[in-house]
Amino acid sequence: MDKITIKGAREHNLKNLDLEIPKNKLVIFTGLSGSGKSSLAFDTVYAEGQRRYVESLSSYARQFLGTMKKPDVDLIEGLSPAISIDQKSTSHNPRSTVGTVTEIYDYLRLLFARVGHPHCPKCGREIARQSKEQIVDSVLKLQETHQEPGRKDVRILILAPVVKDRRGEYTDLFASLKKRGYNKVRIDGKIYNLTDEFVLIKTNKHTIELVIDAIVLSKDTERTRLATDVEQALQFGDGEMIVAVIKDASFTLPEKPEEMEDQLFSEKFACPVDNISLPEIEPRIFSFNTPHGACPTCAGLGRVLNADPDLILNDNLTINEGGIIPFFNIGTNDTWFSRTFKTFCDDNDIPLNKRISELTEEQKHLLLYGTGGKKYLVEGENRFGRETVIEESFRGIAMELKRRYNESESQFIKTQIDKFMRFDTCPECNGGRLKKEALSVTLKEKSIIDVSRMSIEKSLTFINDLPDAISSREKEISKMILREIRERLQFLVDVGLEYLTLQRGAATLSGGEAQRIRLASQIGSGLTGVLYVLDEPSIGLHQRDNSKLIDTLKKLRDLGNTVLVVEHDQETMEASDYLFDFGPGAGEQGGHIVSAGTIEEVKKDKNSITGKYLSGRKKIQINKSTVEKKDESIVSPLANLEKASVKIIGATEHNLKNVTAEFPLNEFVVVTGVSGSGKSTLVNDILYHALMQKKNPYHPQKPGEFLEMQGSEYLKNVFAIDQTPIGRTPRSNPATYTGAFGYIRQIFASTKEAKLRGYGPGRFSFNVKGGRCEACEGEGQIKIEMQFMPDVYITCEVCQGKQYNSEALEVLFNDKSIADVLQMSVGEALQFFSFMPGLAHRLATLQDVGLSYIKLGQPAPTLSGGEAQRVKLATELSKKGRNALYVLDEPTTGLHFVDLEKLLYVLRRLVDVGNSVIVIEHNLDVIKNADYIIDLGPEGGEKGGEIVATGTPSEIAANPNSWTGKFLKNVLK
């Protein structure tokens with residue numbers, strides 16, 4: 001069968017669809033946001049593929065795997081085993097990294113365990129475990145390596161270390177050695193006869209080695225004698241021995257040599273100099289997810305939670321006035337902690353009535369970190385009213401906060417203390433996550449963390465060059481491991497991720513990056529006959545790298561797989577074998593297939609909106625005049641913002657190379673650049689968090705490294721608007737999020753019936769007891785947990801899904817109950833409530849952003865990412881605020897050409913009412929409509945981090961150094 005046949009697909013808003021998807025082809029599903037693409041691709045085709053696989057397992061296995069409910073479809077034939085590669089499956093575990101997700105780190109652990117060279121964590125000396133025979137061979141080789149000019153032999157002492165750097169006289173030890181027939185020892189580098197009279201100073205540390213034998217190494221040296229000496233030395237030295245090469249100028253063996261050069265040998269991984277033993281070198285010691293390898297200080301996270309001094313002290317106040325913010329009343333309180341604090345201040349001359357800014361740095365340090373274990377005599381009244389004295393130490397405000405945070409079981413107290421805590425790099429492992437013993441194992445002078453910190457591109461070079469730097473034995477051992485690592489790294493390069501590092505946290509990856517990583521690992525598996533379902537893999541990818549992604553998708557197809565992609569990117573659509581266009585509208589107005597066929601057939605189809613944009617018959621063009629025609633209420637920009645800007649000076653976070661960037665205010669600014677060039681670092685990590693910290697001192701995230709910020713005083717508010725859901729439960733919906741529901745409840749509470757019954761607005765809330773249905777707690781549906789099958793959601797039998805009890809539903813406004821109103825679309829509700837200005841304004845902004853089709857009470861989890869983002873934008877637009885900055889990171893995710901036009905219209909309106917918008921984007925339709933562009937590059941990773949070009953779209957297009965400009969030039973024609 002060369003096609004997948006689907007009949008009667010009705011999942012979500014799909015309208016009883018019948019279609020045939022060609023197999024072993026690159027097939028694209030496109031259409032408006034909310035038109036049913038994902039419902040068919042993921043919730044129908046993939047869900048059924050997964051369900052059939054799980055159904056084939058035993059009921060015992062199914063209870064662990066869980067099962068999926070059957071999609072609402074009559075028939076699916078010709079379905080292959082399905083693998084979903086979507087954006088939502090990114091791990092948020094702080095221990096998950098690019099290396100662990102791709103399994104490259106697992107192979108690196110094996111590589112370092114098998115051919116890594118261990119070193120002493122303290123002195124850095126390379127140490128190796130040798131058998132007795134290997135030690136004998138190494139000692140015999142000293143004749144060649146340590147032969148002095150004019151001599152044919154090498155004189156050595158075989159020594160066994162018995163005491164290492166310990167105090168004592170050791171009289172009994174010397175007597176015991178003498179009884180066993182030994183004559184000489186070396187104490188602190190000097191040879192003594194055991195028959196000599198000598199006394200060691202008891203309080204000094206001493207190192208004692210037993211002289212087993214003195215040998216002259218030559219061609220005639222008897223191996224048996226040497227082997228016996230080595231065995232004895234290892235026995236006395238607990239697996240360690242020393243060979244001292246005698247350098248004294250004499251022809252014979254001196255009685256008491258004075259000049260010696262030591263060679264250390266060990267049967268175990270141990271440094272004889274520092275007396276440090278290393279554990280057995282196994283893959284698990286390189287894992288930061290087990291106690292065997294994880295740094296004990298940070299438990300393998302690479303960072304620790306500490307109190308932040310900047311948040312604890314208020315420089316403008318004295319201690320008595322509340323200058324120590326978490327303990328603002330410590331000066332007036334009469335607890336044992338405050339008494340201890342006052343005694344500590346008296347003892348260390350720290351004034352309580354002097355501004356914090358006037359204290360010395362030493363005094364501030366003492367306040368924060370205390371005086372360790374030093375005890376203070378603290379006087380005070382105990383709980384029985386008697387005067388008493390206790391001894392108490394003061395370990396500092398910062399340490400006290402950390403102690404309370406770690407010891408408290410109260411979530412409320414932890415939340416309160418959380419305001420003063422920040423994550424810092426672990427001081428023990430410097431962010432390396434591993435124990436120092438694991439970090440001391442190297443290959444080509446690089447530890448496993450050094451390799452993990454390299455970009456994928458550099459890691460690949462390191463692995464390719466490694467065979468030339470290791471021995472033939474190591475080369476043979478590592479051959480297969482290196483091949484696996486090399487292939488996986490090459491796949492990541494092929495999908496345009498060469499700028500990432502293996503240490504990068506999986507939670508910090510964009511949806512597109514995470515998806516392309518999984519895509520790379522799937523190609524590595526080499527499966528054939530599989531159905532791959534992907535969700536917009538082009539997100540976060542610059543046009544320059546798009547061809548790499550398309551080649552990867554084609555490679556998957558050519559292996560003999562069916563590749564089904566939900567996508568809006570024009571270049572990816574152009575490369576497809578077959579295309580389905582969903583529409584004609586979104587939500588209830590969607591769910592149909594408007595057009596299907598090859599890209600050329602869809603372009604010619606007059607019913608296809610996508611075809612009009614692909615063929616160039618329709619173009620996205622939003623400018624100020626367009627907005628002003630649609631909305632006469634637009635106000636002119638505020639005078640004080642006309643030439644104002646926010647400036648970041650000296651940004652050096654991640655790969656940024658001392659960048660100074662100026663963001664004009666009251667303009668639509670787009671930050672562009674190839675993937676990994678530093679866009680998100682500059683805008684999200686530095687600009688957004690620096691502004692948020694200015695506006696809110698307790699903002700939990702510290703901005704990235706930069707020197708100075710100018711112009712923040714021009715802004716009143718800062719907002720980051722992303723595509724995360726507007727709520728997690730069915731009780732959260734567009735009406736509650738935008739604030740429209742407050743007006744609606746007020747209207748119902750003001751009706752005659754409600755007043756007679758004494759109902760207030762709270763009676764019409766489904767979040768509190770009163771008017772909501774208590775059977776389903778206002779959710780309208782009840783979850784039934786099934787043991788061997790998936791959880792089933794059934795409509796509440798009591799309220800029939802209306803969320804309210806019968807008393808609340810009896811209150812009508814214009815013959816509609818509150819449940820009827822929640823079932824209205826935004827367009828219907830706007831007509832119904834046109835008499836109320838505040839409510840009508842909120843509904844009108846939802847309509848303006850293209851959401852007239854969604855229901856007021858539509859549960860938040862059922863909204864797409866693009867819809868959720870536009871609900872947030874509409875909410876901001878309805879506030880009529882000015883002097884605010886809106887930061888958006890790739891807002892075009894999930895948006896069709898039509899939706900994109902609506903988004904640009906909203907962003908332009910935000911700017912024209914006196915706000916500023918900064919967008920990180922690769923989409924050329926957004927870039928060409930910008931007022932100002934900041935282009936970063938020239939490449940990704942270490943080769944990026946510089947501003948390549950700034951200016952208007954036409955100026956960027958004319959810049960020969962800009963990759964963005966080269967592609968923008970074609971769009972502006």
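Helices (H or I, at least four residues) and strands (E, at least two) are DSSP runs, numbered from the N terminus. The model shown is predicted, so local features need pLDDT of at least 70 and side-chain atom pairs count only at pLDDT 80 or more, while totals for chains, interfaces and linings use all residues. Residues are numbered from 1 along each chain as its sequence is written, and side-chain values use heavy atoms, leaving out hydrogens and water.

**View 1. Gln-235 in helix 7.** Let's begin with Gln-235, which lies in helix 7 (residues 223–236). Gln-235 is exposed, with a relative accessible area of 65%; exposed means over 50%, buried under 20% and partly exposed in between (1.4 Å probe, protein chains only). Look also for Ala-160: it is 75 residues from Gln-235 in sequence, yet the two C-alpha atoms are 8.2 Å apart in space.

**View 2. Helix 5 against helix 7.** Here helix 7 meets helix 5 (residues 132–145), their axes coming within 10 Å and crossing at roughly 120°. Axes are lines fitted to C-alpha atoms, for helices over the stretch in contact, and angles run from 0 to 180 degrees between N-to-C directions. That angle makes helix 5 oblique to helix 7. Angles under 35 degrees count as roughly parallel, over 145 as roughly antiparallel, 65 to 115 as roughly perpendicular and the rest as oblique. The crossing of these two helices is right-handed; a crossing has this label if the near helix is turned clockwise from the far one by less than a right angle, and is left-handed if anticlockwise. On the helix 5 side, the contact residues include Ile-135, Val-136, Val-139 and Leu-140, and on the helix 7 side they include Leu-226, Ala-227, Val-230 and Leu-234. Contact means heavy atoms within 4.5 Å. By class, this contact has eight nonpolar, no polar and five charged residues. Ala, Val, Leu, Ile, Met, Phe, Trp, Tyr, Cys and Pro count as nonpolar, Asp, Glu, Lys and Arg as charged, and the others, Gly among them, as polar.

**View 3. Helix 11 beside helix 12.** The axes of helix 11 (residues 397–407) and helix 12 (residues 411–418) come within 9 Å and cross at roughly 150°. The two are therefore roughly antiparallel to each other, and the crossing is left-handed. Helix 11 brings Leu-401, Arg-404, Tyr-405 and Asn-406 to the contact, where they meet Lys-414, Ile-417 and Asp-418 of helix 12. Those residues divide into three nonpolar, one polar and three charged.

**View 4. Helix 31 beside helix 32.** For this pair, helix 31 (residues 865–878) and helix 32 (residues 897–912), the axes come within 10 Å and cross at roughly 25°. The helices are therefore roughly parallel to each other, with a left-handed crossing. Arg-870, Leu-873 and Leu-877 make the contact from helix 31, and their partners in helix 32 include Leu-903, Val-906, Leu-907 and Leu-910. Six nonpolar, no polar and four charged residues take part.

**View 5. His-689 and its neighbours.** His-689 sits in helix 23 (residues 679–695). This histidine is buried, with a relative accessible area of 14%. Leaving aside residues up to four places away in sequence, His-689 touches Asn-684, His-699, Gln-701, Lys-702 and Pro-703.

**View 6. The buried residues of helix 4.** In helix 4, the buried residues are Ile-104, Tyr-105, Leu-108, Arg-109, Leu-111, Phe-112, Ala-113 and Val-115. To place these views, the chain holds 35 helices and 35 strands, and 51% of its 973 residues count as buried.
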